[in-house]
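Dear colleague,

I am handing over the structure we spoke about, and below it I have set out what was found. Please read it with the model open beside you.

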Amino acid sequence: MSEKISVKVCLGTTCFVMGSANLQELIETVPAKYGDKVSVIGVPCLGLCSIDWEFSKAPYVKVDDDVIKEATVEKVLKAIDEKLAAK
Amino acid sequence: MAINTPKQTSHLKREILVRLIKSFLSDNFEENTRLIPYDMRPKGHEVPYRCCIYKERAILRDRTVAGLGFSIEETEDSTLLSDLAKKAIERKEPEENPLTVLTTACKGCVPSRIYVTDLCQGCVARPCVNTCKFGAISIQNGKSVIDPAKCKNCGMCAQVCPYQAIQKIIVPCENACPVGAIAKGEDGHAQIDFSKCISCGKCVSACPFGAVHEKSQIIDVLKNIKAGKKVIAMIAPAMMGQLPCTPKQLKEAIQKLGFADVYEVAQGADVTSKTEAAEFVERLEDGAEFMTTSCCAGYNELVEKHIPEMKPFRSDTKTPMYYTAEIVKKEKPEAVTVFFSPCVAKRREALQNPNVDYVLNYEEVGAWFIALNIQVAECGESEFKTEASAEARNYCVTGGVAKAVQTLLPEEIPAHPVIIDGLNKQSIRDLKKYAKNGMCDLGNLIEVMACTGGCLGGNATVNAFKPALKQVTTYVNESESLKDSIKAEK
């Protein structure tokens, strides 16, 4: 059994206003769907928006070490499925 | 429709606001504003939504016009954003009608009509033909065909088709508007009839192209802060559920934007509750059958424009915003007051109230935090000078206003609340019926909220409904009940 996939939803102010407010549902729905194979947490600012003033690509989500820009629920679920399939 | 569904259009609108604020704070506001569409779609940039980069820029330019607070319809295409930025700085008052339609973005919609799809099986029963009262449907080549000259768009055929092969094609803004104030004109563009519009903001949320914009007052507020005026934020109860921080952190964050002080509008809501409860008792003792609340600006405009016969039944008590602004101006006559609003309707109310100088919505406040890179969750905590009650802080949740009034009623005059959770065609018909009959068979205290879920479902909210509700409820549960605080006063 390999390690859990870790999903971090950035809840910094920029990400929150640009859309991660709507990603909070992942914190409830992902464990319901994937059980203990995936862990999802909301985290304080990941610092990704301030690199090169990339606020317009917010919200950011990290799935393990991969960064998802302009994240949506669909994009995050797809990334999780791909990770699971690769294991 | 679900409340506060995530939308790419909100992302675009918010990005423009952030860039506008940044450019105001830069050393060349006019030029940097002119460059916004080019910064967002530089040479060689991908074209995510429209036919070409030029159209994308043209639309972004129009969105910036709304961000500067001007009407897109009344602005010439040839006017430079830099000239408009200058005009925004010189403007003394915000413009009257709070909404504007971006016609270039809106052209994609086909007019509303009934359409027979390929799924039509040409069945023998032909309920569509038999149901149509206008004789608009005939069978040609074994399939149903609608004669557009006869069709009245009633949708009966779509309802009876056993294959669901007939669909009503809707125009989302027209479909969402509960009072028929927005419609596609002959040129195919949506137009708002402001004599009918109740500023409920449903078209803003409904348009999938993001073509309906609020005219922002962000530049006016920034300008007053820059001029060193004492600018006071009055934050409506729904604001407490919008950002990932505590109310006290939020207060400190708002002060970092340059506001001199922050008042909770819940403070005014306590005045509303007390006044409205006393009024309810008086009205019922005088023989009235029912009373409606009066704190929702969208509902108030509905009564003025569409149900004047409801006026005698609507409470004369003023809104929480009214009382809060009155308190602020009494304490600090030199203050410039800014109401932080979840919806567009409060803009209309503010225009009619000399104590409220400007309105910012939650998207604009959020964009401002982004522009200044303020992490609300890392802010310290700042106390509110006047604490509000639990009931007042719950005004933004549907049912909350009626509950607050109910708490204060004497036992011998109980209220039976009826909750109108969102204005739509059906609930407006119900309200008309109550007004006409002078009674409501379901109860005697009717709370009306224009938005489903209450103010937390407002068109300009940032947080999703469920987490916002959770956050507000936590705050409410930490607060003292109005009844206890009144007892303590005595």
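In chain B, strand β9 (residues 231-235) and strand β10 (residues 261-264) pair in the parallel sense over four bridges, where strands are DSSP runs of E with at least two residues, helices are runs of H or I with at least four, both numbered from the N terminus, and two strands pair if DSSP finds at least two bridges between them. Within this pair, Ile232(B) stands opposite Asp261(B) of β10(B). From β9(B) the chain passes through helix α12 (residues 247-256) of chain B to reach β10(B), a right-handed β-α-β crossover, which is to say that, with the strands pointing away from the viewer, the path from the first strand over the helix to the second runs clockwise.

This is a predicted model, in which local features need pLDDT of at least 70 and side-chain atom pairs count only at pLDDT 80 or more, while totals for chains, interfaces and linings use all residues. Residues are numbered from 1 along each chain as its sequence is written, and chains are lettered from A and ligands numbered from 1 in the order in which they are written.

Chain A holds an open sheet of four strands in the order β2-β1-β3-β4, with mixed pairing. Because β2 (38-43) and β4 (66-68) of chain A each have a single partner strand, they stand at the edges, and one side of each is left without a neighbour in the sheet. Strand β3 (residues 61-63) of chain A pairs with β4(A) in the antiparallel sense over three bridges, and Val61(A) has Ile68(A) as its bridge partner in β4(A).

Best wishes
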